[in-house]
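Here's a quick tour of a few spots in this one. Have the sequence and the 3D view handy.

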Amino acid sequence: MGGVIVESSRVSTHTEDFVVEGGFKDSNKKKKRRSRRSKANYSLSACSSVSEIFIDESTLPGGTSSSQQASSGNQLLLADDNFVCSPISTMHLNGETTNGDILNQPLISHDLEDSISKSFTEGFVSNETDGLVLIPHRVNSHAGPTYFPPHFSAETVSKALEKGELLRALFRVNAHNRLEAYCKVDGIQTDVLISGAMAQNRAFEGDTVAIVIDPPSSWPKMKGSNEILNESACRTSCLEQSEALMLCRAMADNTYVNGMLDNGYQPSIHDSTKPCYGDDYNLLNIFEKLCYLVGLFPFRRPTGRVVSIIARSSRQDRIVGFLSVKQWLYSRDVKRKDSKKSKHQYNLNQGYILLTPTDPKFTKMTVPIVNLPISIKKRLEVGDLTVENDIVAAKVVDWAEDRYIPEACVTQIFGSGSDVEALIAAILLENAIITSEFSPETLTYLPHLPLELPPKELQSRRDLRNLCIFTVDPATASDLDDALSVENLSNGDFRVGVHIADVSYFVLPDTSLDLDAQIRSTSVYLLQNKIPMLPPMLSDNLASLKPGVDRLAFSIFWRINSMGEVLDHWIDRTIIRSCCKLSYEHAQEIIDGAFDNRDSSYCQNHHHELYGQFEWCDVTKSVKILHVLSNMLKLKRFKGGALSLESPNIEFLFNEEGMPYDTVLSGRKDSNFLVEEFMLLANLTAAEVITRAYPSCALLRRHTEPNSRKLQDFESFCSKHGLALNTSSSAHLHQSLEHIRKELKNDPVLLDILMSYATRPMQLAEYFCTGNLKYTDTDWGHYALAVPCYTHFTSPLRRYPDIVVHRMLAAVIEAESIYLEGKSTFEDPIRNEMLSRCFTGLCLNEDEIRSVKAQEALSISASKYKLPCSETLADVVAHCNERKLAARRVKDSTIKLYMWLFLKKKEILFSEARVLGLGPRFMSVYISKLAIERRIYYDETEGLTVEWLESTSTLILSHSIRKRSNRKTSPGKCKVLEEVALLINPTDLKLDLDFLGHCGEKHEETQKNEIIDHNIRHQPAVFPLTVNLLSKIPVALHAVGGDDGAIDIVARLYISSYFQ
């Protein structure tokens, strides 16, 4: 018995065909089928559904049936049982070029090129010259077919990388189209496209791979680009190419700074003494060639192929999905009957079932029945179909060259796919979040309650318990990292203090507590609860800056004048006692003047308890002063080039059972910005101090410049809609966006869309070690903040990098004390004060800190606090970066889950949407109610006529009562109109219950009234529907998945029609 699995993407014109070989009894039928295939047109288009039938042991690769493969382009060749398909470059594989034409020249050496060509079996030669195509190759019929070329050996890859013959890259898959993957190469702004299953060569999302680059003639046009590539138009003059070549080599060697080479020479295209690229080009390694060609063809997307997997992503061990067992059960029953007739016993443990991952970036997988957990086997024995409703975890076991899809084994069963706890557990496992309790060994490093501080520790710290210090946090927060204070000085200046919980006092290096915190790296927030990085006894009690109790802190003070200028700063370890805990709401009320002219009893009744000798007037006065100063600092920061991309966030309203019943959009208020401004200043100050003291092993956070191509696309988008945008710098971009805010003050939805678009070109910020050789001091900056160096210091209870920075600051303070021992004092107190802060003060004497004695003091203190070397720190920050991204994914997935629960409870939600993207196959829409973007596919839809006007980017959708005769896909693949639009009869506004789904116990008349209420607010559209970019259209939203697949939120057009 044979089986075929066909899986198609709805987003791309590429179709992924899974073929599982099996034996067919009727060979004549096979020959007829081949004959029909040879006459058919194999141009494929995307399908809207997935059809699958079971796979048993007899249908594994290795048989002699036909196979089919989809290419990375628009061509498809079908091979019979003695052929396999292999993607090879259609350029000259021997490396020969005509007249030095770099368009057709492979970006690899001859030796490596020979190795690649040997990866494919010798066969037919293609005369095609346009990109990658599938070439059939005859293979040994006894060996069975292979679907992928073999990977290079580790030794070959290592040597090739060292010689610059291969590129090391991070493999990322397009979530909308798994056949499109992009490889990020460090130092190259444009990602490399890896198109098609064969070119991806069994790489998974997150793998580190070795790739080769295809010749430029096969590079496709960038999406959204109107550039037309031909040989004469794409080339610049010989002089311009020579200049580009010189620049790319300089950039590769980090010798090109501010438009000049390190020898002071500034290239010019008018310099006729430079040679042409011919000979020099062939001397470049693959990275330098790619730099050059990306600059030469800016509107083309580089393409490549994976030749080896350097580092396997741990994500392969945490695949979450659903099992498909219906077809296997059906096959088992058939074979049971056959075995009774033939009197041969059938082994019920043989065969495979299919695993469909919930993450669309991963392909389907086969799971051997024999390796299933016992609990699932028992349920399958009794024919329990509810196995398909359970969400499971699996890991990839193998993906050999002769298997089109990988083999996996189930490792965990979470429960029903619609159960909240099961889904959250799956999200956490998928992202490798540690949920286990802290070990007894870890807890032994915590002090006992009540906390008793040693007298020696108290004497070594600055005592600030008589200072009016308070915290401002979310009302439900228990891990209070930071506190604020402000004092009026006699000369009119202000002394502002930021006080951060001194977690490094409790978390000592190389202890079990430290190792646990490092592995977890960050606290993870799940909307209604959190998974802490540190034991709750420490994060919520001993180290938390709770009011009314003594707490250890790191304090930074600034002297700020009435103009908001920072005149000086001071850093030390302190002991504080917070007088109260303010929520952001309470702080905002103070800023708004709600407590002006009120007595203390009124404030006491509307706030939490106040501790110590202070009155509420002291707190309210401090909050107002800090508010004024924070506004000054923010204004100066933006004038200095900082960028703000503020947009509202969605918040859920929960009932008593913890289920969401509504959503609201909320933006940050002045109280949030007040705290943020001083936290930013504290982080910046800490970064400056540790970088000056330990320039080769400081932990910093960098934010690189945005992707230039995406930024240009955003600029073009704004220009197309009459909005001026200057992207030459972060300062100009901020000014442009602020001007757009004023222009769109009456259209907040469009403003939110633009702010969302503005974030897309931005790179992710990351931690790094200054001693890492791939970063120079020009790469340390933070683009959005427009500062040369930045770090994280203010949240040590929930971020491990902050603990490391605290240790570095402690080491600097200790070194400063050691260095000053024996130093003579001066009669001038100001000069003595400056001398006492020679390492941590605002002003720094470079000669002094680089002196032998100062370096000895810094080395002694670094050993005392066990500061990591640059190599160790680089590994730590790499792990912290990965964990921070994982925590972000968990938060995003949790938001999606609760949004799904909200819509599932509501059953259907009508809303207005704005069209963000438009094309002949689908549109992208933004739903402001939920602050989400969704796609609506309308191609290949029965009963719908689609007219796409390319010149004006206009879409016209019309209702068609005739069946389509020019259908590109098979009848089973064509969508019905109800998948695209929710049709409502204009006479009674009554929904068709067939498409509403299960409506619970609601009465039909009640349901009708609800629809009428929604219809009053959101009028349905009518056919023909004309749509342009940024058009407003009504949509219907509902939740899908759960017990029958991955959860998702689907948007459909909301249409009034008599033809429903």
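## Cysteines

A disulfide here is a pair of cysteine sulfur atoms within 2.5 Å, and by that cut-off the structure holds 0 of them. Two cysteines are worth a look anyway. Cys183 is buried, at a relative accessible area of 0%, where buried means under 20% relative accessible area, exposed over 50% and partly exposed in between, using a 1.4 Å probe and protein chains only. Cys291 counts as buried too, with 15% relative accessibility.

## About the model

This is a predicted model: local features need pLDDT of at least 70 and side-chain atom pairs count only at pLDDT 80 or more, while totals for chains, interfaces and linings use all residues. Numbering runs from 1 along each chain as its sequence is written, and side-chain values use heavy atoms, with hydrogens and water left out.

## Helix 8

Helices (H or I, at least four residues) and strands (E, at least two) are DSSP runs numbered from the N terminus. Helix 8 spans residues 286-296 and is mostly covered, with 9 of its 11 residues buried. At the helix start, a side-chain oxygen of Asn285 comes to within 3.1 Å of the backbone nitrogen of Phe287.

Next up is an open sheet of 3 strands, ordered 37-38-42 with antiparallel pairing; two strands pair if DSSP finds at least two bridges between them. Strand 37 (944-949) and strand 42 (1025-1027) are the edge strands, each pairing on one side only. From one strand to the next, the twist averages 15°.

Strand 38 (residues 954-959) pairs with strand 42 over 3 bridges, in the antiparallel sense. Ile956 has Thr1026 in strand 42 as its bridge partner.

How values were computed. A polar contact is a pair of N or O atoms within 3.5 Å; within protein, one must be able to donate a hydrogen and the other to accept it, and residues adjacent in sequence count only if both atoms are side-chain atoms. Axes are lines fitted to C-alpha atoms, for helices over the stretch in contact, and angles run from 0 to 180 degrees between N-to-C directions.
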